[in-house]
There are 2 protein chains.
Amino acid sequence: MSKVKVAAFSVSLDGYGAGLDQSIENPLGKRGEELHEWIFPTKMFQKMYDKGEGTEGVDNDFADRSFENLGAWILGRNMFGPIRGPWLNDEWKGWWGENPPYHVPVFVLTHHAREPLSMKGGTVFHFVTEGIESALEKARTAANGKDIRIGGGASTIRQFLQAGYIDEMHLAFSPVFLGSGEHVFAGIDLPKLGFTETQTVYGKGATHVILRKNQ
Amino acid sequence: MSKVKVAAFSVSLDGYGAGLDQSIENPLGKRGEELHEWIFPTKMFQKMYDKGEGTEGVDNDFADRSFENLGAWILGRNMFGPIRGPWLNDEWKGWWGENPPYHVPVFVLTHHAREPLSMKGGTVFHFVTEGIESALEKARTAANGKDIRIGGGASTIRQFLQAGYIDEMHLAFSPVFLGSGEHVFAGIDLPKLGFTETQTVYGKGATHVILRKNQ
C-alpha cells in the first residue's frame, strides 16, 4: 500500500517553508535558499546535478532516503513555477530544465487546465484542476503501490495535512530565521492530527525530525 | 552597560514556548515540561536543586551560561504563578519554594500591586504595575551594570522584542511538537527587528541558537 509522505521538507526555526515574493530569480522566495543549505553539499544533491563528489553523513542519508521508493509526486503550482493565473503558452516547463529529478509522474495542482508535459528521464507533469483528492487518486494509480511524495510548497502540505492524507513526514529544520514567508505550522496541530515524532537526528546543517501518524 | 537578554528559553519545533492551560499541577502548561527536557539532566540543573551529579557537555554549557553575570530578572506574572486577577493574600510566593534560583531582584509584571517579597538566598520579588518600560528601568538600576534576563513567558518576551529592548537571545529548540500553546514567533519578524543568528550548536537534547541584535 502506498504511503503518502513529505520528505526533506526544509523549515526555518521560526516555522517558514519558503520566503516571500517567489520569482524567476528567487524560486524559493526571498532568502528561501537558506532553508536548503543542508542539502546542497550532499552527495545526493551533487550527483543529481552532475556536479562534484558531495558529502556523506546524516544530511546525505536523509537526502537519499527522501527519494526512495517513490511512485508519484504531488506539487503545488508555485512549486512548479512562478506563473500565476491562466497558462499563456506551454513554454514554462518547471524549474528543473529538460531532465527534472522526479523520473515518475508528477501531479501539479492548478486551477488552470493544461496538457500533460513529458520530459526527459521519465518525468511527466500532469495538471490537475479538480483539487487534492483527485490529485491523490491519480497519484495512487500512477504510483502502483510505491509511495507518493507531497513535494510542497507549504500551502500544499498544509492542505494535505488538514485533510488527514499524510502518513509520514521528514522535516529538516535549518538554523535560520526568515521572519516572514510561507508558514508551515500556523493553525496546524500535529499531535491532534495524530502525529508523533519518532526520530530526531542532528545533522551538520539541519535537525532532522521524522513524524508518523499513529495507526 | 547592562545587556537585556533572553537565555535558555525553550521552544518547540512548531514554535511554542509553553503548553496550554497552566495550573498548579502544570506550571508550564500541558506538555510544557517536554520543552525543558534538555536542561533537567544537566549538572547545572541538578546542582540547583541539590540532586545528583548531572551531565556535562553542550546542554550544560548553555544552562550554565544562562545564569552568568545576571543583575536582575523580569518575569511575566504567569511565570511567577497561576493566580489571575487581584492577589487575594500574600500566600503565593512563586513556584520555587523558600530559596528561588534567582538570588537577585526579580521584577514581576502584573496589573495588581503587591508589596515586595524577600526570599531566602537574596531573591526579592518586586511587583511592577506600570508596564514593561518601568520594569526595565527598575531592573537596570538594580542590576548595576550586570545583565538583565527576561525570563518569560512567551508573551513577555514578545512584548520586549517588539518594543526593541532585547539585545541577545539564546533559544533552545527541543525536538517536540506541542500543536498548541503560547506561540513565540507569530507576527515576530526577527530579521526585521535587527537580529542575526550568530551561533548554532546541536546539544544532546536541543538545538541551541544565539541571536544578537545588529549594533
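This is a predicted model: local features need pLDDT of at least 70, side-chain atom pairs count only at pLDDT 80 or more; totals for chains, interfaces and linings use all residues.
Two strands count as paired if DSSP finds at least two bridges between them. Keep that in mind for G76(B), which stands opposite L109(B) in strand 4 of chain B.

- Chain B has an open sheet of nine strands, with mixed pairing and the order 5-6-4-3-7-1-8-11-10.
- At the edges sit strand 5 (117-118) and strand 10 of chain B, each of which pairs on one side only.
- Strand 5 of chain B goes with strand 6 (residues 124-128) of chain B, antiparallel, over two bridges.
- Within that pair, L117(B) stands opposite F125(B) of strand 6.

**Strand 3 of chain B**
- In strand 7 of chain B, I148(B) is the bridge partner of A72(B).
- Strand 3 of chain B also pairs with strand 4 (residues 105-109) of chain B, again in the parallel sense, this time over four bridges.

**Helix 4 of chain A**
- Helix 4 (residues 132-143) of chain A has twelve residues, which at 1.5 Å a residue should span 16 Å; the end C-alpha atoms are 16 Å apart, which agrees.
- Its buried residues are A135(A), L136(A), A139(A) and A143(A).
- Look down the axis of helix 4 of chain A and these buried residues fall within an arc of 95°, so they line one face of the helix.
- Covering the buried residues of helix 4 are, among others, strand 3 (70-76), strand 4 (105-109), strand 6 (124-128) and strand 7 (147-152) of chain A.
- Just after helix 4 of chain A comes N144(A), with a positive phi of about 55°.

**A buried residue, I157(A)**
- You'll find I157(A) in helix 5 (residues 154-162) of chain A.
- I157(A) counts as buried because it has 24 C-beta neighbours inside 10 Å, and the cut-off for buried is 20 or more.
- Leaving out residues up to four places away in sequence, I157(A) touches V6(A), F9(A), I150(A), G152(A) and V184(A).
- S118(A) is 39 residues from I157(A) in sequence and 25 Å from it in space, C-alpha to C-alpha.

**Where the chains touch**
- Chain B brings 20 residues to the contact, and chain A brings 20 residues too.
- On the side of chain B that touches chain A, strand 10 (195-202) and strand 11 (207-213) of chain B each supply at least two residues.
- The largest share of that side, three residues, comes from strand 10 of chain B.
- By type, the residues on the side of chain B that touches chain A split into eleven nonpolar, five polar and four charged.

**How the two copies relate**

Notes: Residues are numbered from 1 along each chain as its sequence is written. Chains are lettered from A and ligands numbered from 1 in the order in which they are written. Two residues are in contact if their C-beta atoms, placed from the backbone, lie within 7 Å. Ala, Val, Leu, Ile, Met, Phe, Trp, Tyr, Cys and Pro count as nonpolar, Asp, Glu, Lys and Arg as charged, and the others, Gly among them, as polar. The expected span of a helix is 1.5 Å times one less than its number of residues. A residue is buried if 20 or more other C-beta atoms lie within 10 Å of its own, exposed if 12 or fewer, and partly exposed in between; C-beta atoms are placed from the backbone. The arc is that of the directions from the helix axis to the C-beta atoms.
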